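Please look over the chain shown below before reading on.

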Amino acid sequence: MKNSEQQLFWFRKQRIMVNEKTTKVIEAAFQHARYPSVKGDKSLLFIGNVKYGLDNLEIHNLTIGQSAFELRPGEGVAMEISNVSATFRGTIQYGYGSWLVNVAHSVDFEIESQIDLGINPRLYCGEGKVAADTSDCYLNFHKLRLHLQGDRQPNWLKRLFTDFITFTVKMVIKGQICKEINKVANILADFIQNTAEQFLSDGNIRVDIGVTAAPVITANYIESYHKGLTNYNNTAAVISDSVFHPSQLTEHRMLYFWVSDQVFNPMLTAAHDDGRFQLNISGAELTELFKTNLSSATPETFRKCLLESGSPELRVWSSSVPFLNTSTLGTTVWAEASGTLSCGSQTPTLFFQTNVVVDVSASYADKKLLLQGKPSEIFVIRADLPSLNQPLGDELEFIREAVEKIGIPKVLSVLEIEVTRLLDKQGTNSFDIFDPEVLPRDGFVVIQMDFGFPHHLLVEFLKKTLQ
């Protein structure tokens, strides 16, 4: 690792997807380019000095044949866009004269073109983001055919203008296309990273994913290193040295995220401080939950509250910051939870406080988060009846078993729903995610998947670019 802040890691190596999206971006660059007016003059035998101007140059009927994409280790990316077919239209204003004649005209023209485009972008770290330098850009013109006023037949004016007008147009097109590609590439890089940052932000909680070094390019993938610093109410988390090493990832999937416990724990702290770990259950839903078969007998106080009171309510919340640790066996979560059971009166019938240790595994399928939990330790550290001002004794085992068989499964099911809702809000469900895997390792998690880039995001980007 090159920086102690480098914690969250991703890389991808799917070329088909990159080719498809690259083609759309190149089309946008051609169409969005603004071609400047050009003026010049040329001395011709028998005619004299010819002055000309090219105005209102626009592109029409753009098609792209195919694209090729190659990763060059330690250098950058090589892209070749071949068989770009386009018609350029504009107006030629020209004047020529001698001591015998002086003529000024304006004529519309079309230029049919067939172009190959080559770009060798260099990726670097600029202001905390991945940036692209596409100055190594070239165009090869296989065809550049000039037509004046829609006339496809040769004439003296066409022959006169063909050489120097087409040469001028070549220079104009090359300069503007390469300039526009550089602009669009960096707009796209910003768009992707801003979208990712928005994805990792909700309310007062956000994650700083600024890059800490230039991307590393190998023959099979691109990898980038990001800070992964949780920021809550403008207070940023502090992360010590990372344990990441490239050998911890394979190369057979399209996209990988490497996330350390040092990223997850500050996120848990922020969620706790923001009051997000709270759950209220009341009425028939609460009564139905306690129909779960328990080996401990239901104390009379609980039975009356659940069955005879008109509006029983259970409130549960995290009373200290949760903490997790990941190993190859899974992710273990330590939490302290407090709760009150009320039976219609303002004073709670029961107050309790527990420490729980749960082994949790996560998966993602059918656009939903799935959580499996297995409690390994449950301690009831306090339980009393505030209305009677007395602690509980025999009821403690009932509370412990209820936490194990009712409370933990219910909390996990609510977390599944709420985290899935948050993921959907951030747009995860718009991606086609194939065979995602969440792999726990010592001190970190690897999330790997194949996926399809959502078309609507590309459309949104192109709309913003073309405005």
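Where is N234 found? N234 lies in the loop between strand 13 (229-232) and strand 14 (235-236); helices (H or I, at least four residues) and strands (E, at least two) are DSSP runs, numbered from the N terminus. This is a predicted model, in which local features need pLDDT of at least 70 and side-chain atom pairs count only at pLDDT 80 or more, while totals for chains, interfaces and linings use all residues. Residues are numbered from 1 along each chain as its sequence is written, and side-chain values use heavy atoms, with hydrogens and water left out.

The phi angle of N234 is near 65°, a positive value in a residue other than glycine. N234 counts as exposed because its relative accessibility is 74%; the cut-offs are under 20% relative accessible area for buried, over 50% for exposed, and partly exposed in between (1.4 Å probe, protein chains only). N61 also has a positive phi, near 55°, but its place is in strand 3 (residues 48-72). With 53% relative accessibility, N61 counts as exposed.

The strands on either side of N234 belong to an open sheet of 4 strands in the order 9-10-13-14, with antiparallel pairing. Two strands pair if DSSP finds at least two bridges between them. The edge strands, strand 9 (201-202) and strand 14, each pair on one side only. Strand 10 (residues 205-208) and strand 13 pair over 4 bridges, and the bridge partner of I205 in strand 13 is Y232. Helix 3 (residues 261-273) packs on this sheet and touches strand 10 and strand 13, where contact means heavy atoms within 4.5 Å. The direction of helix 3 makes about 10° with that of strand 13; axes are lines fitted to C-alpha atoms, for helices over the stretch in contact, and angles run from 0 to 180 degrees between N-to-C directions.

Overall, the protein has 7 helices and 24 strands, and buried residues make up 45% of its 467 residues.
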